Amino acid sequence: MIPLNSNLSALKRSQIRTFTNLARETPDCAMLTIGEPDFDTPKPIKAAAVIALQMGQTHYAPNQGTLKLRQAISEFETNRGNPVSPEQVLVTVGACQALFTAFLGILNPGEEVIVPTPAFPLYESLIQIAGAKMVPLDISKTGFQIHGEALKAAITPKTKAILINSPNNPTGTVLSEASLAAVKEAVLGKPIFVICDNVYNRLAYGVCPDLSLDSQLKEQLILCQSFSKPYAMTGWRIGYLTAPDYVMDRLLLLSAATITAVPTFLQTAAEEALKTDPGPMVEAYEKRREYVCGRLRGMGLSFPEPEGAFYVFPDISEFGISSEEFCTRMIREGKVAAVPGACFGAEGYIRLSYCYSDGELELGLDRMEEFVKTLRKKS
């Protein structure tokens with residue numbers, strides 16, 4: 001056999017997909033695994049794409065993205081307190097490609113990225129592809145907040161970036177002002193980037209402090225954003241990143257070599273999305289959160305309070321089995337699917353997604369309650 005890129009040898013299939021597939025293979029299994037809005041993309045956004053196709057927008061877009069969309073993103077970001085020019089915006093194939101471009105663009109082999117955990121597993125894969133190392137910063141024992149001393153202790157001469165994801169996947173928690181202040185104090189003026197994964201930023205239920213709005217960090221900050229979550233556009237695969245000029249100069253060339261450009265007609269639809277208020281969807285998620293959290297409390301399970309996104313992260317350590325075994329048995333014995341906390345670097349927890357219909361949530365939680373009761377009887 002001919003050797004492949006050694007950076008790929010440690011990559012593993014996402015357990016989110018693994019447990020989703022196991023659930024799909026299990027007859028009559030309720031699904032609470034995938035973080036995908038169950039809402040359809042709003043009609044004005046779809047109409048904008050159709051009109052763009054009818055107008056012949058089927059040719060190459062500029063590598064960086066159409067000027068109109070980058071201007072719209074620039075205006076959107078500036079209005080929320082993050083002033084960027086259209087030249088500092090790169091349109092990407094979702095936040096995944098934004099993160100890929102950011103990591104591959106800034107990391108050299110052997111460098112390190114500090115990632116507060118629990119965290120989305122894709123981060124580690126992308127860092128490994130760049131030949132670098134993810135350094136987990138366990139915040140599960142500190143109220144899912146970043147403590148300055150622990151962060152400073154994790155920084156080494158090899159530290160190149162710190163990644164921030166708030167609201168967080170998988171917990172739904174929002175990093176506090178104190179947590180963000182700790183990050184700023186640790187990196188300001190040092191050769192360390194802050195990468196803000198803001199994909200759930202518009203799905204917060206209250207105040208959501210945002211480090212990407214800090215003007216003092218502008219030359220160190222890369223923002224990754226997606227249209228997928230707030231506008232129910234997961235299948236459209238469109239997002240963007242913003243970065244300082246000296247960074248954008250290189251990231252643009254990397255993105256152009258990777259994807260050439262995002263489809264033109266999708267970018268016209270994204271312009272329309274930026275005019276869309278996600279408020280009604282956020283209200284629906286908040287109502288579902290209250291229902292799901294109430295049911296989990298009724299089961300005697302504890303969890304960090306979700307303050308955004310559409311996930312809850314209950315503690316299942318009382319049962320004395322791994323999160324993978326718990327989720328496997330809950331699918332096979334209880335006919336309801338969740339994702340093991342180990343997938344996110346936090347053993348002893350599971351992730352439930354509540355971006356499902358009220359009926360699916362009720363069915364899934366009824367079954368989970370029975371499964372939990374059965375486990376307790378056996379213990």
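**Exercise 1.** Determine which strand gives the most to the lining of the largest cavity.

**Solution.** Strands are DSSP runs (E, at least two residues), numbered from the N terminus. A cavity is a set of points, on a 1 Å grid over the protein atoms alone, where a 1.4 Å probe fits but cannot get out; lining residues have an atom within 4 Å of a point.

Step 1. β3 (112-117) and β5 (159-165) each supply at least two residues of this lining.
Step 2. β5 gives the most, with 3 residues.

The model is predicted: local features need pLDDT of at least 70 and side-chain atom pairs pLDDT 80 or more, while totals for chains, interfaces and linings use all residues. Residues are numbered from 1 along each chain, and side-chain values use heavy atoms, without hydrogens and water.

**Exercise 2.** Describe the composition of the lining of the largest cavity.

**Solution.** 
Step 1. The lining comprises 14 residues; Pro116, Pro118, Ile139, Asn165 and Asn168 lie nearest the centre of the cavity.
Step 2. These 14 residues divide into 10 nonpolar, 4 polar and no charged. Here Ala, Val, Leu, Ile, Met, Phe, Trp, Tyr, Cys and Pro count as nonpolar, Asp, Glu, Lys and Arg as charged, and the others, Gly among them, as polar.

Key:
1 Å grid on protein atoms, 1.4 Å probe; cavity = no way out; pocket = protein on both sides within 12 Å on 5 of 7 lines; lining within 4 Å. Helix = DSSP H or I, 4+ residues; strand = E, 2+ residues; numbered from the N terminus.
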